[in-house]
Amino acid sequence: MTSQDSQDIETATTAIQSQPDNKTRRYDRQLRLWAATGQSALESARVLVLSGDATSTSILKNLVLPGIGHFTILDNGAVSHADAGNNFFLEGLESIGKKRASEAVRLLCELNDSVEGHADTRNLSTFLDTSPEWLSSFTIVIAHNLDNAPLQELSSFLWSDPSYPPLVVVRSAGFLGEFFIQFHEHAIIESHSETAPSLRIDKPFPALREFALSLDFASMDPTEHGHIPYVVILVRILEDWKKSHDGNPPKTYAERQEFKKSILATKVKSDEENFDEAEAQAYRCWTETKVPPEIAALFEDPAVSPEALSQTSSPFFHLLATLKEFTDQSETHTLPLTSTLPDMKSDTSNYIHLQRLYKIRAEEEKQAFKSHLRAHVDDAMVDSFVKNAHSLQLLRGKQWGTFHQDKPALASNPKETCTHLALSALFSLNEMNTGAPPIAEALRQQIQGTVGEGVELPEGIDDIIGEIVRAPSAELPNTAAFLGGMVAQEVIKMITKQYVPVKGYCIVDLIETWTGVIGA
């Protein structure tokens, strides 16, 4: 590997270069999605996959290509004729009889020479009995079509300690499939929310207010007048409005319509788009900037209380406690200002000046935020937290299998629940009748036993049972590919701690081409 190949990803994406290095060119598109921090998390990740079948290798393909650091396939089986026919990461007839894990690892590693792959041909039950702690060395564990008994044992072990890795349970039969992510707690700073942070137009910081009031709209030439950013227009006109309305913003519908007319009346030419933008964004003047309800709810989380916080607490909770203290003590009782501005009609000089005002103020508030922080947290994490304070998320998950204990939930979402119950019934029957193909009546009885006697099964259950009976153990390449893409996407979200992963059972039906989520 050349020195250019091995360049640190942070350097590769932030340094000013005349030409991007090989790593940046290779990962260019995904770096636009999760940036250097996400790529670094991927390159540090260790993924364990239980089984080297078609679905498992499809999942791994979509993790190897983006550049995970290491993966291990744990599978003591040999390649069968069925494997050779549906798994693209085997060499057909030449692979038959060889260890499935070894063959799959060898061919998957050809996709990306910077990824380390390892084949483990031990039996899962053996190491679960002798050395299950080995699992804690991985970032995440993925299990496809694992039998009920070892899956339950695996799930219980990984659930026994919050520090153990999340478990992704994937099941499929024919054109049907599902997956579930078992985790205790998942904090997301960069959720990439579509909700933009507040520009704080209704509560302008001093420098912004002074700048807006310093402009003399009446004496400007038409070109300059047509390039005033709408943020400045709104701050100025709102200040003028408050002077004649006892310091209050527009409150009633009539006042708001009058306020909008006053914006348009300030035009000197009919085609001034910046004033049209200001009129469209006028709601920002009477919508109070405050802590979003979702963030306020996080402030009440028991883990943020002074009694619960300790040096061993997650940095996320220390930052969250600091954010609560900052908002309580700040003059505006708002989240820290962000320097990010949306696109708007303006000329370069006005936009850059406005951006500079926001950047200076955002830096001041970030320093004020840091003054409240009582634990050591990496500066990069603090910067990211403050920048994304408006869209923080904290997910708390469930253990795999607990959904069946919630009888009322089993009666909701009949289409999705039918598929989940049918897949669960298949694996329960496989455990009781090893090697025997399931029959429709047995599946129906198993489902009835799960939901309770006397409970009417949802309409459409027979169609789902029919597909299970038709292909109880078939791994179709298109189902494997579809599940491979979806599961890998959610695994990347868990590893990078960016974007919001699916919570609950994600059900896939490729007969009617739909997906749904239950048990969240």
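**Figure 1. Aromatic pairs in the predicted model.** In this predicted model, the count of aromatic pairs comes to 13, where two rings are taken as a pair if their centres lie within 6.5 Å. The views that follow show individual examples.

**Figure 2. Close-up of the pair formed by Phe217 and Phe275.** The two ring centres are 6.4 Å apart and the planes stand at 90°, so the pair is classed as edge-to-face, for which the planes have to be over 60 degrees apart. Because Phe217 belongs to the loop between helix 9 (206-214) and helix 10 (222-225), while Phe275 belongs to helix 13 (residues 273-280), the contact ties together parts that are 58 residues apart in sequence. Both Phe217 and Phe275 are buried.

Figure 3. Trp241 is part of helix 11 (residues 230-243) and Phe259 is part of helix 12 (residues 253-264), so the pair ties together parts that are 18 residues apart in sequence. Trp241 counts as buried because its relative accessibility is 7%, and Phe259, at 0% relative accessibility, counts as buried too.

**Figure 4. Close-up of an aromatic cluster.** Five residues, Phe316, Phe317, Phe326, Phe369 and Phe385, form one aromatic cluster.

**Figure 5. Close-up of Arg171 and Phe427.** The charged end of Arg171 sits over the ring of Phe427, at 4.1 Å from the centre of that ring.

Methods
Residues are numbered from 1 along each chain as its sequence is written. This is a predicted model: local features need pLDDT of at least 70, side-chain atom pairs count only at pLDDT 80 or more; totals for chains, interfaces and linings use all residues. Side-chain values use heavy atoms; hydrogens and water are left out. Rings of Phe, Tyr and Trp (its six-membered ring) pair if their centres lie within 6.5 Å; planes under 30 degrees apart count as stacked, over 60 as edge-to-face and the rest as tilted. Helices (H or I, at least four residues) and strands (E, at least two) are DSSP runs, numbered from the N terminus. Buried means under 20% relative accessible area, exposed over 50%, partly exposed in between (1.4 Å probe, protein chains only). A charge sits over a ring if NZ of Lys or CZ of Arg is within 6 Å of the ring centre and within 35 degrees of the ring normal.
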